[in-house]
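Good morning, everyone. Please look at the model on the screen while I talk you through it.

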Amino acid sequence: MTNQEKAVNMYQNGYSCAQAVMGSLCEQLGMKFDEGVKIASPYCGGIAGTKDICGAVNAAILLISLKHGYSDAGNDEAKKAQNEIVKKFLEYFKEQNGSIHCRDIFTCDEDKKTKCPAAIMSAVKYIEENIF
């Protein structure tokens, strides 16, 4: 099973979009599965159900930070580099899904059945191809 398939399977079995993206990839970046899905849990439905920024986007950004994050608050170069990586992802995601906001990606339950899995797969694909 590919990571994209794993993520969609997780989503179809009750995990949120954020948890599906995080859970399908976090172990490859050194985080335990349980920790990954817990950390991603509040991002469901566009951050706590507000339909703001898509949970798949938030989880992908968390994964990017696991790989390219910084811990030295004074390292401006690291901050700039991480921000550029995130901006490239956001551009890609918006191009693939029309928006980075949950409320724009799906507008009804029928949309959610097809558009959320597509958004999840695009986030996982980007991380696999550009972050690993």
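Let's start with one term. Two residues are in contact when heavy atoms of theirs lie within 4.5 Å. Now take the contacts in this protein between residues at least 6 apart in sequence. Of those, 60% join residues at least 24 apart. Keep in mind that this is a predicted model.

Next, the secondary structure. How many helices and how many strands does the protein have? Seven helices, and zero strands. Read along the sequence, the pattern is α-α-α-α-α-α-α.

Now the overall dimensions. The C-alpha trace spans about 45 × 30 × 25 Å along its principal axes. What about the radius of gyration? For 132 residues, a compact globule would have a value near 14 Å. The protein has 14 Å, so the two agree.

The accessible surface comes to about 7200 Å². Carbon and sulfur atoms account for 48% of that. As for the residues, 42% of the 132 are buried.

A quick word on charge. There are 15 positive and 17 negative charges. Their mean positions are 2 Å apart.

Now the aromatic rings. The structure holds four aromatic pairs. One of them joins Y15 and F33. How are these two rings arranged, stacked or edge-to-face? They are edge-to-face, with 85° between the planes. Centre to centre, the distance is 6.1 Å. Where do the partners sit? Y15 lies in the loop between α1 (3-12) and α2 (17-25). F33 belongs to helix α3, residues 33-40. The pair therefore ties together parts that are 18 residues apart in sequence.

Are these two residues buried or exposed? Y15 is partly exposed, because its relative accessible area is 31%. F33 is partly exposed too, at 22%. The cut-off for buried is under 20%.

There is also a ring cluster to find on the screen. Ring pairs link F89, Y92, F93 and Y126 into that cluster.

Last stop: N58. Find it in helix α4, residues 55-68. Is N58 buried or exposed? Its relative accessible area is 11%, so N58 is buried. Which residues does N58 touch, leaving aside its neighbours within four places in sequence? N58 is in contact with Y43, I47 and I53.

To recap: seven helices, zero strands, four aromatic pairs, and a buried N58 in helix α4.

How values were computed: Residues numbered from 1 in each chain as written. Predicted model: local features only at pLDDT ≥ 70, side-chain atom pairs only at ≥ 80, totals over all residues. Heavy atoms only, no water. Helix = DSSP H or I, 4+ residues; strand = E, 2+ residues; numbered from the N terminus. Rg over C-alpha atoms; globule rule 2.2 N^0.38 Å. Buried < 20%, exposed > 50% of the residue type's maximum accessible area, 1.4 Å probe, protein only. Areas by Shrake-Rupley, 256 points an atom, 1.4 Å probe, with all protein chains shown as cover. Lys, Arg positive; Asp, Glu negative; His and termini not counted. Charge placed at Lys NZ, Arg CZ, Asp CG, Glu CD. Phe/Tyr/Trp six-rings, centres within 6.5 Å; stacked < 30°, edge-to-face > 60°.
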